[in-house]
2 protein chains.
Amino acid sequence: MDYRAELEEKGSRAKQAARKLATLPTNIKNQALLNMADALEEHQETLLAANARDMENGRAKGLSSSLLDRLLLNGSRIKAMADGLRQIAALPDPVGEVLGMWRRPNGLEIGKVRVPLGVIGIIYEARPNVTVDAAGLCLKAGNAVILRGGSEAINSNIAITKVITRAAQAAGIPEGAIQLIETTDRQAVNALLRLNRYLDVIIPRGSAGLIQTVVENSTIPVIETGIGVCHTFVDASADLAMAQEIAFNAKVSRPAVCNAMETLLVHRAIAAEFLPSALERLHQAGVELRGCPETRRYHPAVKPATDEDWATEYLDLILAVKVVGNLEEALEHIAAYGTRHSEAIVTRDYDNARRFLQEVDAAAVYVNASTRFTDGFEFGFGAEIGISTQKLHARGPMGLPELTSIKYIVYGNGQIR
Amino acid sequence: MDYRAELEEKGSRAKQAARKLATLPTNIKNQALLNMADALEEHQETLLAANARDMENGRAKGLSSSLLDRLLLNGSRIKAMADGLRQIAALPDPVGEVLGMWRRPNGLEIGKVRVPLGVIGIIYEARPNVTVDAAGLCLKAGNAVILRGGSEAINSNIAITKVITRAAQAAGIPEGAIQLIETTDRQAVNALLRLNRYLDVIIPRGSAGLIQTVVENSTIPVIETGIGVCHTFVDASADLAMAQEIAFNAKVSRPAVCNAMETLLVHRAIAAEFLPSALERLHQAGVELRGCPETRRYHPAVKPATDEDWATEYLDLILAVKVVGNLEEALEHIAAYGTRHSEAIVTRDYDNARRFLQEVDAAAVYVNASTRFTDGFEFGFGAEIGISTQKLHARGPMGLPELTSIKYIVYGNGQIR
């Protein structure tokens, strides 16, 4: 089916809403967020009923238990979504912040002011809480949003959007500020990706496949999020106990997220001392180990790693391990196989720490800490719409300021050029 | 012909160079810029000879005199290019600037640091000075650049690139930092636009058609530059003498640039007083006038404007003129037909000035000044790679900081999550 007409209309409504949102006072936006939070809790039964239909369809379609778990709503998850909105209400409004103001020799006064991006399209997968998060963050930053969730969660998303848009409008948010694409047909995504007239940016959140599709087909500017082939390099001078804790945490604490470690690089000088116990602990935790020939000497459970392993984001309890001869080799490996997400070195050497921080090209580079900290909340931003792995506009965890643009305001008294 | 292999090689060389450039000391970059400036002047004869071939081909192809003028190099233009590089050398190095640093409750210290974007592709048209400007700005910001100039200037561009890359390398700039695509085949552009593995951003500079092609075909993030359907709104309370100066300047001082005015909006209350002399002055200056029926009453030379006129970037001595009933109507017109570049109001009314600044969605919004000031030099940035008309990453005049990204550097002492 051709969704262009339907999406044109949604886009046009969003653009009109965005004009009003851009100058809406902070207290109206905050009241809307609080209303939305309350409404989610008040309409819990409706949301759970819609979610039950998604769960039933999901089971019938044979979704994996981990996908079903992501899809599931319950009382505490609805409470968490509502609390998330209340947290967003408590954050400072980024819109209107003056980033600088200066006077030119000709008397012109030029100010650089934060403004909303305009209309944001967000394309995401299974978890229905993204619907609430994304709507809340976009609203606080003064943007209209067009949401396109995964087909598995369509009933939940429709119910959530209905509840929150009604609550937002009661506080004075214009119609069209939060819209959901209600069809699950993939053609609708293709139509969305070409709505340059109305949308200012597309943010895909989800699998590598989804992100790739969006990047290849969108004529609207895209912020890529999320793919993380993250490394931890244990240097020759590392505190080995610390290195083991960091490596274990980076792999095991939550293997399915993008800031989890996928490859462990170990300096040859301490490999014999470090690897046997570190690998044993990972093995005991159920981690499948794949290593270079040298690594395999240190633990019988290590299977041979192929070249593909170095480039794979497992998102699972699987770890690639490689012994390297020096820092240079570790840097080369990371440059060749890393995805510019999060990279860590464990070292006591000042020069190596400094060189790693300077030379590694990634959104977040760590010395003596777990890559798992790459996260908007852990960074202190109070919120997160995703983690950008591109270099344009935003890099790393994206909070409210990353959902804004700027404009120059110029005060004159008759200047001509 | 298939240029993928050739461009893959250029991309790979650029990416290797970018890794080295990212940590290159400022003094080496500055020395390279000064070397490049000197070399342009030393090899003036070579450059003029190459340019003469382009001019000859251009005349044979029947290029317009304005295109031939853009293409032309002479002693003073070469001096200007060299001086431009010396100015870039004198600007502060944006790379390494710490934009913020904070400590988290768990003891992690997180810093936000400016880093180069990486590899930038620049696609542009006739003027050979863009080759020098773009190479100099990208180099200073620590980026490798792949240049693709217009076919008309190919001999000039090849000669310039040869001279400046040799001079840069003599100062210690890595091979591959500045590269030109030497074929004029359009297929090479299509191949360039899909080099995601190597390029971080594409900046098109030129006609609306060029920019459209790049936006539609690039899978690499794009910064759109330049299209400007700029308005000046003369409010009821305007100082009419000031308004005439500003309008005249915005249209006539340099009509072929993107910050020139294309449409004049006039409040009905002062139309009869303002328009006759303002239109006469523009008419005397050779401006073709196209107006709404009301405008046409005030000067016999005004032809009827069509709906297309409101949406057209003339880049020429042509002006569309419309009488509006109030500020609201002016804002609606600008929202409907503006390209978010530069918009001005001439007024003595405080509330109207404030409302115009807040509600107009454009890169630069002016009160009582000519839109012609939207320019990196006029804004005090010391340099300009173009004027972004999109909202992502950079908006308005782009100087050196707009050619950078950021990364987070995180100092820990064993933190795990």
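Q: In strand 13 of chain A, which residue is the bridge partner of A344(A)?
A: This is a predicted model, in which local features need pLDDT of at least 70, side-chain atom pairs count only at pLDDT 80 or more, and totals for chains, interfaces and linings use all residues. Strand 12 (residues 342–346) and strand 13 (residues 364–369) of chain A pair in the parallel sense over four bridges; strands are DSSP runs (E, at least two residues) numbered from the N terminus, and pairing takes at least two DSSP bridges between two strands. In strand 13 of chain A, the partner of A344(A) is Y366(A).

Q: Which residue of strand 13 of chain B is the bridge partner of Y408(A)?
A: Strand 16 of chain A and strand 13 (residues 364–369) of chain B run parallel and are joined by five bridges. Within strand 13 of chain B, Y408(A) has as its bridge partner A364(B).

Q: What are the edge strands of the open sheet of 10 strands?
A: The sheet has mixed pairing and the order 10(A)-9(A)-11(A)-8(A)-7(A)-12(A)-13(A)-16(B)-2(B)-1(B). Each edge strand pairs on one side only; the two are strand 10 (303–304) of chain A and strand 1 (98–103) of chain B.

Q: Which residue of chain A comes closest to the rotation axis?
A: Chain A is superposed on chain B by a rotation of 180 degrees with 0.0 Å of shift along its axis (RMSD 0.1 Å), fitted by least squares on the C-alpha atoms of residues with pLDDT of at least 70 in both copies. The two copies are therefore related as by a two-fold rotation axis. At 1.8 Å (C-alpha), the residue of chain A that comes closest to this axis is H393(A).

Q: How much area do chain A and chain B bury between them?
A: In contact, meaning heavy atoms within 4.5 Å, are 75 residues of chain A and 75 residues of chain B. Buried area is the accessible area (1.4 Å probe) lost by two parts on being put together, summed over both. Here 52% of it lies on carbon and sulfur atoms, and the total is about 6000 Å².

Q: How many salt bridges does the rule find across the interface of chain A and chain B?
A: The rule asks for a side-chain nitrogen of Lys or Arg within 4 Å of a carboxyl oxygen of Asp or Glu. R340(A) and D200(B) meet in one of these (2.6 Å, N to O). Across the interface of chain A and chain B, the count is eight.

Notes: Residues are numbered from 1 along each chain as its sequence is written. Chains are lettered from A and ligands numbered from 1 in the order in which they are written. Side-chain values use heavy atoms; hydrogens and water are left out.
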